[in-house]
Amino acid sequence: MVEQSLVGRTFPPSAAYDVTPERVASFAAATGTPWREGDPAPATFPIVVAFTAMQALMDDPEVGIELQRVVHGEQRFAYERLVVVGDTLTATLTVDSLRSLGGADVIATTSAVTDADGALVCSARATLVHSAGDAS
Amino acid sequence: MSLEVGTELPPLRYTVTRADLAAYADASGDRNPIHLDEDVARSVGLPGVIAHGMYTLALAARAVQEWAGGPGRVREIGAKFTRPVVVPAGAEGVGVNVTGTVKKVEDGRATIALSVTTGEGDQVTKVLGMPTAVLDA
C-alpha cells in the first residue's frame, strides 16, 4: 500500500534540464515529428523532464512504490507556452490524490515544468497505477 | 486550417517499429525494457514488445501538429493509456491511426476529440482513452 500521507506532498525539483537542439531533434526524429531548428519542441517533449520528477517519486523508498508494478495510466499537458531550444527546465511534482481501485493504488500527480526564471511552461498531469503486491 | 464545430480532420496513419521505440527510449530517457525486449515483455505477461504510452501520445500530438500546420497552436493534449500497442519485430512494425473531430470552439480555442487506434476494418482497437487536444482556433 502507498501511504495516504503522500497526498499533498511536493517533491524537490528535478535537476535542471538543458533543452539543446540535439535533444529536441532526437525526440522529434524518434516520433517522426517534423522539426527544424527554430521551431518549438514537439508538444509532448516536456515529458522528458516530467519523467525525471516521476522517477524521483517512484525511487523514494519512503513512498513504497515498486517500479515494476507501476503503469502509466494517463498523461495530460496544459501549456503556458511551448518549449524552445535554450530553455533550462525543471519539474516539481506534487501528489494530488491517491485512491484505491480494484486492488491498485491510483496516484494522481501534477508536475509543474518551469523555466530558468521560474515561470510555468506547462503543467504535466500524470496518473500512475501501482498494482497491489502479493499479500505475503 | 479553420477549426469549426464538426470539422473532421483528415485521418493520418503512422508506422511504429521497434527501432523507433529504441530511438524514443534514448531520446526520452524511458528505457523500461518492456518497450525494447521481447523476453522481458513476455515475462511480465505482455503479448510482446509494446510502445511507450507516451510514444503513442506523441503520435497524436504529431497529427495535431500536422493538422494545425505547425506546433505553435497547441494549448493542451492528453489521454489515458488504455490498451497496449504491440510492436512486432521488423521494418513493417504496426500502424497507428489518428483521427479528430472538433467538438467545441470557445474563447478562441478549439477542443478536438481524437481517436487513436490500431488495426483495420473490423479489427480496429482504440489504444488511447479520451484523447483530447485544445488548439488556438
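Me: On a 1 Å grid over the protein atoms alone, a pocket is an open set of points with protein on both sides within 12 Å along at least five of seven lines. What volume does the largest pocket have?

Reply: About 980 Å³, counted as the space filled by probe spheres set on the points, which are joined across faces, edges and corners. This is a predicted model: local features need pLDDT of at least 70, side-chain atom pairs count only at pLDDT 80 or more, and totals for chains, interfaces and linings use all residues. Residues are numbered from 1 along each chain as its sequence is written, chains are lettered from A and ligands numbered from 1 in the order they are written, and side-chain values use heavy atoms, without hydrogens and water.

Me: What makes B:Lys80 part of the lining of the second largest pocket?

Reply: Lining residues have an atom within 4 Å of a point, and B:Lys80 is on that list, as are A:Val71, A:Glu74 and A:Arg99, among others. The space there is about 170 Å³.

Me: Why is the spot lined by A:Ala43 and B:Val64, among others, called a cavity?

Reply: Because a 1.4 Å probe fits there but cannot get out. This largest cavity holds about 40 Å³, and the structure has 1 cavity of 30 Å³ or more.
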